[in-house]
Amino acid sequence: MSINVLIVDDSGVMRAMILKSLRMSGLPLGETHQAANGQEGLDVLNQHWVDLVIVDINMPVMNGEEMIDRMRESPEIKDIPIVVISTEGSKTRLEKLQQKGAAFIHKPFSPETIRDTIRDIMNLGGDDEGAD
Amino acid sequence: MRHIVLVGNMKVGKKGDVIVTYALGTSLGLMAYDPVSQVGGLLHAMLPLSRSDPQKAETNPCIFVDTGVPKLFKEICDMGGQKSRLVVRAAGCSRPLGENEMFKIGERNYSVLKKILWKNSILLESEDIGGTANRTVHFDLSTGEVAITS
Ligand SMILES: [Mg+2]
């Protein structure tokens, strides 16, 4: 099994860092797609098979929260696991995201956190019994 | 064979070896293991950056995190290990009670480590970092198992 991932962030540097983290992670990575805002992200989802969406919140045109809402309204893509990576600190906003079933990672992130969060929400388990 | 690694040193070995280091406080203990070739090593580095004393770093790179970590990876590869297969675990980097806040050596050791790992595209498999404890690490190169006690 390999995981096709869509990375949505308005910062190209951030998208590159997330992609590098995924490549380092040892997770079975398939195709990767990138988008610079929520609208572009939805366009990708309409054209490609995606198993996991990693999305920023603050973006121009369409922000991450709205993208997630649109995804949840759309039967073919409503069940795709979502990881939000953002500097967002507002507790109510984070709770809202969790209610929508998204996992949350705070920026700046460590690549280990990305690996562990994805293992967790995609039920991949570890390939190793960690000492922690 | 059993090896003890002192502060500012490292040891690499193979199946059958056990590497031990004591009294990891603010120092970084880094254990790397290639499960396929069953070789690995342990670094016990004391300070974050070699530029604080380049001369010392020249004679003993293992004192510093930024020179010790690449040396550890290189020596493991010289023994037949492969960088892409390394399972890497970190311990130490504590913050002893009463330590001057200004220095935060443990935290700096950890953040320099994370930068070097990022550059090398290597993730930590696990970590036992921070707190106030002094740690002891037993690293079994037959299995790659790491036992940390404090
Ligand atoms: Mg943004």
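**Figure 1. Charges on chain B.** Chain B carries 18 positive and 15 negative side chains, and the centres of the two sets lie 2 Å apart. Lys and Arg count as positive, Asp and Glu as negative; His and the chain ends are not counted. Each charge is placed at NZ of Lys, CZ of Arg, CG of Asp or CD of Glu. The model is predicted: local features need pLDDT of at least 70, side-chain atom pairs count only at pLDDT 80 or more, and totals for chains, interfaces and linings use all residues. Side-chain values use heavy atoms, without hydrogens and water; residues are numbered from 1 along each chain as its sequence is written, and chains are lettered from A and ligands numbered from 1 in the order in which they are written.

**Figure 2. Fold of chain B.** Chain B has 3 helices and 9 strands. Helices (H or I, at least four residues) and strands (E, at least two) are DSSP runs, numbered from the N terminus. Their order from the N terminus is β-β-β-β-β-α-α-β-α-β-β-β. The C-alpha trace spans about 45 × 30 × 25 Å along its principal axes.

Figure 3. The accessible surface of chain B is about 7,100 Å², and 54% of it belongs to carbon and sulfur atoms. Areas come from the Shrake-Rupley method with a 1.4 Å probe; for residues, only the protein chains shown count as cover. Of the 150 residues of chain B, 48% are buried. Buried means under 20% relative accessible area, exposed over 50%, and partly exposed in between (1.4 Å probe, protein chains only). Among contacts in chain B with a separation of 6 or more, 65% join residues 24 or more positions apart. Contact means heavy atoms within 4.5 Å.

**Figure 4. Close-up of Thr136(B).** Thr136(B) sits in strand β8 (residues 135-140) of chain B. Thr136(B) counts as buried because its relative accessibility is 16%. Residues up to four places away in sequence aside, Thr136(B) touches Val20(B), Thr21(B), Tyr22(B), Ala23(B), Ala147(B), Ile148(B) and Thr149(B). Ser150(B) is 14 residues from Thr136(B) in sequence, and their C-alpha atoms are 6.1 Å apart.

**Figure 5. Fold and surface of chain A.** Chain A has 5 helices and 5 strands. Read from the N terminus, the elements run β-α-β-α-β-α-β-α-β-α. The radius of gyration of chain A is 14 Å, close to the 14 Å of the globule rule for 132 residues, so chain A is as compact as a globular protein of that length. The accessible surface of chain A is about 6,600 Å², with 48% belonging to carbon and sulfur atoms. Chain A has 13 positive and 22 negative side chains, with the centres of the two sets 3 Å apart.

Figure 6. UniProt, in an unreviewed entry, places "domain: Response regulatory" at residues 4-122 of chain A. For "modified residue: 4-aspartylphosphate", the unreviewed UniProt entry lists Asp56(A). Its positions are given in the numbering used here, feature names are shortened, and annotations may be inferred rather than shown by experiment. Asp56(A) lies in the loop between β3 (52-55) and α3 (64-73) of chain A. Asp56(A) is buried, with a relative accessible area of 4%. Leaving aside neighbours within four places in sequence, Asp56(A) is in contact with Val8(A), Asp9(A), Asp10(A), Gly64(A), Ile85(A), Ser86(A) and Lys107(A).

Definitions and conventions:
The radius of gyration is taken over C-alpha atoms; the globule rule is 2.2 Å times the number of residues to the power 0.38.
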